[in-house]
Amino acid sequence: MVPSRLRDELRESVVRAEHPREKAVDVMFALQDHYGYMNDRAMAEAAEILGMTPLELEELATFYDFIYREPVGKYVIRVCDSAVCWMNGLESVLDHLQSRLGISTGETTPDGLFTLLPVCCIGYCDRSPAMLVNRKVYGNLTGERIDEILEDLRRQAALSQRND
Ligand code: FES
């Protein structure tokens, strides 16, 4: 179950909204951050907070690409595979990521740290090739830059594990 403070905050934001449904994605993101993905329990809790039926929420979750109904890594790397990124070196970026992580697109590293997925244009074309890690955007990707990003994420994960 989510901590009661978070639950209360989410309930308040739903009450303040004109329509509870407009808060559905925010509530699912908050629960997804807590559980790591939207498992059935998280879906039921989100539906209860929103005053929606689980089926209504399921329809939204299915439609929205950034809600994960299956387990994913702590960091979900979504590499833009749209035209401008392709033209600006996506292929080598993807090769580099796959080789550094030891996984292919659609997979999660055995340590549960990284999931690699494609995404359509994220509006960062002027800094392509680009990718998202969870909800943060990274652009002007090169092999060197990717190594720095991965190292930083591994450091953050180790720190947060120590603080748990
Ligand atoms: S095509 Fe990749 S960010 Fe737009």
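I will start with burial: a residue is buried if 20 or more other C-beta atoms lie within 10 Å of its own, exposed if 12 or fewer, and partly exposed in between, with C-beta atoms placed from the backbone. That scale comes back several times.

What you see is a predicted model, in which local features need pLDDT of at least 70 and side-chain atom pairs count only at pLDDT 80 or more, while totals for chains, interfaces and linings use all residues. Residues are numbered from 1 along each chain as its sequence is written.

First, the overall layout. The chain has 164 residues, and 26% of them are buried. Its C-alpha atoms fill a box of roughly 45 × 40 × 25 Å along the principal axes. There are 7 helices and 4 strands. Helices (H or I, at least four residues) and strands (E, at least two) are DSSP runs, numbered from the N terminus. In sequence order the pattern reads α-α-α-α-β-α-α-β-β-β-α.

The chain is divided into domain 1, residues 4–63, and domain 2, residues 75–163; such bounds come from an automatic or database domain assignment. Taken over C-alpha atoms, the centres of domain 1 and domain 2 are 27 Å apart.

On contacts: two residues are in contact if their C-beta atoms, placed from the backbone, lie within 7 Å. Of the contacts between residues at least 6 apart in sequence, 56% join residues at least 24 apart.

The axes of helix 1 (residues 4–16) and helix 2 (residues 24–35) come within 10 Å and cross at roughly 170 degrees. Axes here are lines fitted to C-alpha atoms, for helices over the stretch in contact, and angles run from 0 to 180 degrees between N-to-C directions. Helix 1 is therefore roughly antiparallel to helix 2; angles under 35 degrees count as roughly parallel, over 145 as roughly antiparallel, 65 to 115 as roughly perpendicular and the rest as oblique. On the helix 1 side the contact uses Leu6, Leu10, Ser13 and Val14, and on the helix 2 side Asp26, Val27, Ala30 and His34. By type, these residues are 5 nonpolar, 2 polar and 1 charged. For that count, Ala, Val, Leu, Ile, Met, Phe, Trp, Tyr, Cys and Pro are nonpolar, Asp, Glu, Lys and Arg are charged, and the others, Gly among them, are polar.

What follows helix 2? The loop between helix 2 and helix 3 (40–50) holds Met38. Met38 is buried, with 21 other C-beta atoms within 10 Å. Leaving aside neighbours within four places in sequence, the contacts of Met38 include Met28, Leu31, Met43, Ala61 and Ile67. Two strands pair if DSSP finds at least two bridges between them.

Strand 1 (residues 75–80) pairs with strand 2 in the parallel sense over 6 bridges. With strand 3 (residues 131–133), strand 1 pairs in the antiparallel sense over 3 bridges. Ile77 has Leu116 as its bridge partner in strand 2, and stands opposite Val133 in strand 3. Val79 stands opposite Pro118 in strand 2.

Last, the loops. Gly102 sits between helix 6 and strand 2. Gly102 is exposed, with 10 other C-beta atoms within 10 Å.

Most residues other than glycine have a negative phi, and most peptide bonds are trans. Here a cis peptide bond joins Ser128 and Pro129, with omega about 0 degrees. Pro129 lies in the loop between strand 2 and strand 3.

Asn134, in the loop between strand 3 and strand 4, has a positive phi of about 50 degrees. Asn134 counts as partly exposed, with 16 C-beta neighbours inside 10 Å. Asn140 also has a positive phi, near 50 degrees, and lies in the loop between strand 4 and helix 7 (143–163). Asn140 is partly exposed, with 13 other C-beta atoms within 10 Å.
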